[in-house]
Amino acid sequence: MGKGSQNKLSDEAENSSNGTLDASKPFISWEEVKKHNKKDDCWIVVQDNVYNMTKFQNTHPGGRLVLKQYAGQDATEVFNAFHKE
């Protein structure tokens, strides 16, 4: 799993409308995501996708602090506030 990965949260599988899973995308539990909440092991969730931001922290245009603040958590709301399509 690296920057830009498409690993999905397992909660989504339970809530999918048609009940099918995409076998090409591994599912990760919230319990697993929450373990990666440190500066040297930083995962975040954006729109049900899990991203390993550990190596990207040093080059993140918004700085390292915002990634550290949301490590191991859902960062969808703050991501959408700063990253317009």
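Start by selecting Asp 48, which sits in the loop between β4 and β5; helices here (H or I, at least four residues) and strands (E, at least two) are DSSP runs, numbered from the N terminus. Before going on, note that this is a predicted model, in which local features need pLDDT of at least 70, side-chain atom pairs count only at pLDDT 80 or more, and totals for chains, interfaces and linings use all residues. Residues are numbered from 1 along each chain as its sequence is written, and side-chain values use heavy atoms, with hydrogens and water left out.

Back to Asp 48: its phi is near 65°, a positive value in a residue other than glycine. Most residues other than glycine have a negative phi. Asp 48 counts as partly exposed because its relative accessibility is 33%, given that buried means under 20% relative accessible area, exposed over 50% and partly exposed in between (1.4 Å probe, protein chains only).

Next, colour β4 and look at its partners. Two strands pair if DSSP finds at least two bridges between them.

- With β5, β4 pairs in the antiparallel sense over 4 bridges; Ile 44 has Tyr 51 as its bridge partner in β5.
- Strand β3 (residues 37–38) runs antiparallel to β4 and is joined to it by 2 bridges. Show Lys 38 to find its bridge partner in β4, Asp 41.
- Strand β6 (residues 73–74) pairs with β4 in the parallel sense over 2 bridges, and Val 45 has Asp 74 as its bridge partner in β6.

How many of the 6 residues of β4 are buried? The count is 5, leaving the strand mostly covered.

Then show side chains for the largest nonpolar core, 10 residues in all, including Cys 42, Ile 44, Val 46, Tyr 51 and Phe 56. A nonpolar core is a set of buried Ala, Val, Leu, Ile, Met, Phe, Trp, Tyr and Cys residues joined through side-chain atoms within 4.5 Å. The largest share of this core, 3 residues, comes from β4. Apart from it lies another core, of 6 residues, among them Ile 28, Val 33, Trp 43 and Val 45.

Finish at Leu 65, in helix α3 (residues 64–69). Leu 65 is exposed, with a relative accessible area of 64%. Its C-alpha atom is separated by 9.2 Å from that of Lys 39, 26 residues apart along the chain.
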